[in-house]
Amino acid sequence: MPVSVFTSSVLTSLQVDSVVSYLVAILLPALDAVIPVLPSETVVIALGVATAGSTDPRIALLIACAAAGAFIGDNLCYLLGRHFGPAMQRRFFSTPKGQRTHAWAERSLDRFGTQLIIVCRFIPGGRTAVTLTCGLTGYPRRRFVPATAVAAVIWALYAFFIGRVGGRAFENDPWIGLVIAFAATIVVSGVIELIRRLIRTSRRHAGQVEPDHAGQDQHDRDELGRRYYVAEEDHADGRRSRGPDSGPDGVGGSDLQIAQRDGQ
């Protein structure tokens, strides 16, 4: 079966009067937080494409289901990180890349808080990293829950609207509208990621160096402390070899004897 025919048949099944539409609108956004390979954003876009020509008021219910699923998924990640921290740490942050991602999420939470929770929904891989880190670090739930609610509503409206725009633009070829709408979300996510990297680079150039991996700050502090201790030891040894300091000019010991002899 050609891809276009298969896509069109799938879109036909995702109508506002289909129970399947409401199920996938809730389940996929809820589960892709812990199973990131699930295409929740693609499904919400597809729902927008499939209902592009409809003015049925139940469309609002579809959007609400997508937002509810996203909200459930974020809070599920938080609870998993909170109650199963070591297992989640091994599952998602055990590799060097995972450690760097976790360190970035922890630093960014300290700096941006709820704004990061909202924005990370549009950063590839950012949603799971940040929501799990919130649970692992005990981020306050009174701040986490409202932030995830706002993020879920914005995300559902955004994905559904992109799909409707693509579906209306290619009403006769809805599969093309789906492809273009999905490509648009990739571009938006790429722009957000680019802005994030540019901000990080500008901070590095300004002297606000961020560590590349977890624990690097402590390692740097330990290294500086060790070097300071060695320098102090060398300085003390040098002073002992010269003898006591006899005055403001620092002349003493053998230096003082040489000066007295020359004076004679």
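Where is Val34 found relative to helix 2 and helix 3? Val34 is found in the loop between the two. This is a predicted model, in which local features need pLDDT of at least 70 and side-chain atom pairs count only at pLDDT 80 or more, while totals for chains, interfaces and linings use all residues. Residues are numbered from 1 along each chain as its sequence is written, and side-chain values use heavy atoms, with hydrogens and water left out.

**View 1. Val34 in its loop.** Helices (H or I, at least four residues) are DSSP runs numbered from the N terminus. With a relative accessible area of 19%, Val34 is buried (under 20% relative accessible area; exposed is over 50%, partly exposed in between; 1.4 Å probe, protein chains only). Setting aside neighbours within four places in sequence, Val34 is in contact with Leu76, Cys77, Leu80 and Phe92 (contact: heavy atoms within 4.5 Å). Asp74 lies 40 residues from Val34 along the chain, with a C-alpha separation of 8.9 Å.

**View 2. Arg127 in helix 8.** Helix 8 covers residues 126-137. Arg127 counts as buried because its relative accessibility is 8%. Not counting residues up to four places away in sequence, Arg127 touches Pro29, Asp32, Ala33, Ala70, Gly73, Asp74, Cys120 and Arg121.

**View 3. The largest nonpolar core.** A nonpolar core is a set of buried Ala, Val, Leu, Ile, Met, Phe, Trp, Tyr and Cys residues joined through side-chain atoms within 4.5 Å. Two or more residues each come from helix 2 (19-31), helix 3 (40-50), helix 4, helix 9 (141-169) and helix 10 (174-205). Beyond four places in sequence, Leu62 is in contact with Val16, Ser21, Tyr22, Ala25, Leu47, Thr51 and Phe160. A second, separate core of 12 residues includes Leu116, Cys120, Cys134 and Phe144.

**View 4. Leu23 in helix 2.** Leu23 is partly exposed, at a relative accessible area of 48%.

**View 5. Model confidence by region.** The chain averages a pLDDT of 76, and 67% of the residues score at least 70 (pLDDT: the predictor's confidence in each residue, from 0 to 100). Confidence is highest in helix 4 (residues 59-83), at a mean of 94, and lowest in helix 11 (residues 216-242), at 50. Over residues 209-221 pLDDT stays under 50, and the model has 16 contacts for this stretch beyond four places in sequence.
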